[in-house]
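Please open the structure in your viewer and keep the selection panel at hand.

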Amino acid sequence: MTNGIKFTRRTLLQGAGTALAAGPITGFPAVHAAEPVTLRYLGTAVNQSGDIARKVKEDLGITIEYIPVVTDEVTKRAVTQPNSFDLIDTEFFSLKKIVPSGNILGMDARRIKNADKITPIFTKGEIAGKAIGDQGTAPKKVFYLEGQTGKSFASSPTEWITLIPTTYNADTLGIRPDLIKRPITSWRELLNPEFKGRASILNIPSIGIMDAAMVVEATGDYTYGDKGNMTKAEIDRTIKLLIEAKRAGQFRAFWQDFNESVNLMASGETVIQSMWSPAVTKVRTQGVACTYQPLKEGYRAWATGFGLPKTLTGRKLDAAYDFVNWFLSGWAGAYLNRQGYYSAVPETAKTQMEPYEWAYWMEGKPAEKDIHGPDGGLLEKAGATRDGGSFEARMGAVACWNAVMDENTYMVRKWNEFIAA
Amino acid sequence: MSDVALPALADAPAKTEQTETPARPRRRLPYLQAAPMALVFVVFLAIPLLLTLMVSFWEYNEYEIIPAFTLQNYRDVFEGCGNLADPCTTVRTYLSTLKFCALTLAFTLMVGFPVAYFLAFHVRSRAVQMALFLLCTIPFWTSNVIRMISWIPLLGRNGLVNDTLRSLGVIERPIEGLLYSDFSVTLAFVHLYTVFMIVPIFNSMARIDRSLIEAAYDAGATGWQTLWSVVVPLCKPGIAIGTIFVLTLVMGDFVTVGVMGGQQIASVGKVIQVQMSYLQFPAAAANAVVLLAAVLMMILGLTRVIDLRKEL
């Protein structure tokens, strides 16, 4: 790649194959060299699509072996079992735990072809020249490392990137408009007694508490210095509110896993709850009305990205870079955009999407034709617009980012108290 | 390694051997015979437990655990537990778990005993007995979680039960308490664990000498008297073993409570799991040690009531 000739892994492999067929078979090493590479991809199930694995197999000959675990488990594995994967897809906030453990390697920006095209949301914390909310662990705070094996974050751009963004989005509440029958405009509705026994919040402490903080601020009771980094007193205040709501029977259930949230909403057990975008999509493809409701206080954003374990070397390391480059080159980005996520390099994704798709998903315009999901299922009829509008409108309204707090230990203890209450 | 643990395990047989033949090679034999099992116990039970105990005194931060000796983890577990009016998280959690233990125990016993009784005394043919017994274990061919989750569409707000009751006109509004409540958790526990009660009780009953029952009838005892004064006392070991199974399963469970309780009901296992997923291993270890102590105390109490060793 450095000498300017464009080799893909595929042509290399084909070359190796023909060489093998033409020449006499000399022994095992040649066979071994032609053996396809397998990358063990650690991440959450939401990001691990079979279609992406199939496509990358087709394009690069790399086999992706998914290791699906829940968000917290990804972090735990990265810290405790760094040899158990070849590529990690983790949330930016967990870097605060993973990087000090020294288990991941900075990505060499020079080997990432589209590194300079990654959206400024990550590199500068802005979109279309406008700064966006940076409470919590905003990606720009943890995007660069001081050195390849550095254990501290760099405040200005360096050539070592912690994680190459895979997907990101702005989260809000999901609602069942057919059962609520009135407009919902504020986070405070989550704890509105009107929805007693029909609300839900997610039982992942670090994310759940942020949703709760959005509710607290929306009620006007209190304004946090930084919702993503609360003081002990602020944690107490937030948990107290949650406990009161729980004892009053506000919540039907808590959910921890993407599919649980889908089932709660689709079955009508809940009508308003914390939710993730693809879950809303999934409820809708079941023919149930569900809105990912934009709220006036803004969104809670998150972002995940690819990281390399420091033990990765040789062909696997090359394959990992090839895969990441492929991921940013458009097809995967378009796939993610069609799920309602956003991709790291919007301009390459655009080349792989129909203009009407781009207009619907990214520009917030009414759909010219029916909108289909990546699996081909009908998502929206022509004429519909995306909840929350355009990419800039949605990501521009981010209020805070998923975070690891300094008082994380205390927060987890208080969260357990909330669950036990 | 194994030498340390061996004497305790091979104690009794070793002594008898000693008195009979003091020759050296014969004395070693029981040790050797017990060694494989002892080794398995040491490697997979004793060492992990000791490690857990050790780690429970360590310090930790966001991303590493630090060897030290601190009681802070235990202090955190019991923080605020002196206040009886507003119990702390740990007391609350244990009370809730104990409640499920009691409920599950009561219902599994109520279901398990008659089933075992039917199998042991009413089914005459050995073959039919075995066939029916195997039938009881068939649910175990599917996963625990699947058997549990299959209740959800039944019990939900718009589930089968509520829909049926509504269409029959029995109720007007759906019963909310069917799912994500103490009821659904207990139901799932009973469904999952009754077999653990049936098997040991059936085993005890199968070994009851039939002539004892005949003797009771001959002596003029009614059916109930026979059941209460002959069968039940002889089933005590089975009941005790079943109780131990159910108690330990329920005490350590967090999946059933999580799924059927809608994650809203605390369990000790859940607390430990949350701490583990946040890399707070020492805190989780301290909780695990407290849980272990609690379960051991319960089983100790149980063995005071029934001397298992003597009965077996």
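The stops that follow go from the two chains to their contact, and then to single residues.

**Before starting**

This is a predicted model, in which local features need pLDDT of at least 70 and side-chain atom pairs count only at pLDDT 80 or more, while totals for chains, interfaces and linings use all residues. Residues are numbered from 1 along each chain as its sequence is written, and chains are lettered from A and ligands numbered from 1 in the order in which they are written.

**Stop 1: chain A**

Chain A has 17 helices and 18 strands; helices (H or I, at least four residues) and strands (E, at least two) are DSSP runs, numbered from the N terminus. Its radius of gyration is 22 Å, close to the 22 Å that the globule rule gives for 421 residues, so chain A is as compact as a globular protein of that length. The radius is taken over C-alpha atoms, and the globule rule is 2.2 Å times the number of residues to the power 0.38. The C-alpha trace of chain A spans about 80 × 50 × 40 Å along its principal axes.

Of the 421 residues in chain A, 50% are buried. A residue is buried if 20 or more other C-beta atoms lie within 10 Å of its own, exposed if 12 or fewer, and partly exposed in between, with C-beta atoms placed from the backbone.

**Stop 2: the two domains of chain A**

Colour residues 9–169 and 301–351 of chain A as domain 1, and residues 172–300 and 371–420 as domain 2. These bounds come from an automatic or database domain assignment. The C-alpha centres of the two domains lie 28 Å apart.

How many residues of domain 1 of chain A are in contact with domain 2 of chain A? There are 30 residues of domain 1 in contact with 28 residues of domain 2; two residues are in contact if their C-beta atoms, placed from the backbone, lie within 7 Å. On the domain 1 side, helix H4 (71–80), helix H5 (95–101) and strand E14 (299–309) of chain A each supply at least two residues.

**Stop 3: the largest nonpolar core**

Select A:Leu39, A:Leu87, A:Ala320, A:Phe323 and A:Val324, the residues with the most contacts inside the largest nonpolar core, which has 182 residues. A nonpolar core is a set of buried Ala, Val, Leu, Ile, Met, Phe, Trp, Tyr and Cys residues joined through C-beta atoms within 7 Å. Helix H10 (residues 182–206) of chain B gives the most to this core, with 12 residues. The core also draws at least three residues from each of domain 1 and domain 2 of chain A.

Now centre the view on A:Leu39. Leaving aside neighbours within four places in sequence, A:Leu39 is in contact with residues including A:Ile62, A:Ile64, A:Leu87, A:Ala320 and A:Phe323.

**Stop 4: chain B**

Select chain B, whose secondary structure comes to 16 helices and two strands. Its C-alpha atoms fill a box of roughly 80 × 70 × 40 Å, taken along the principal axes. Of its 312 residues, 31% count as buried.

An unreviewed UniProt entry places the feature "transmembrane region" at residues 34–58, 97–120, 132–152, 183–202 and 281–302 of chain B. UniProt positions are given in the numbering used here, feature names are shortened, and annotations may be inferred rather than shown by experiment. Highlight residues 97–120 of chain B: this span is 100% helix and 0% strand, and its end C-alpha atoms are 33 Å apart. Residues 183–202 of chain B are also 100% helix and 0% strand, with end C-alpha atoms 28 Å apart.

**Stop 5: where the chains meet**

Show both chains together. On chain B, 24 residues are in contact with 29 residues of chain A. Helix H5 (89–122) and helix H14 (268–277) of chain B are the elements that give two or more residues to the chain B side. The largest share, five residues, comes from H14(B).

Zoom in on H14(B), where eight of its 10 residues are buried. Among them are B:Val268, B:Ile272 and B:Ser277.

**Stop 6: two positive phi values**

Most residues other than glycine have a negative phi. Select B:Leu279, in the loop between H14 and helix H15 (281–305) of chain B. B:Leu279 has a positive phi of about 60 degrees although it is not a glycine, and it is buried, with 25 other C-beta atoms within 10 Å.

Finally, select B:Tyr180, in the loop between helix H9 (160–167) and H10 of chain B. Phi of B:Tyr180 is positive, near 55 degrees. B:Tyr180 is buried, with 28 other C-beta atoms within 10 Å.
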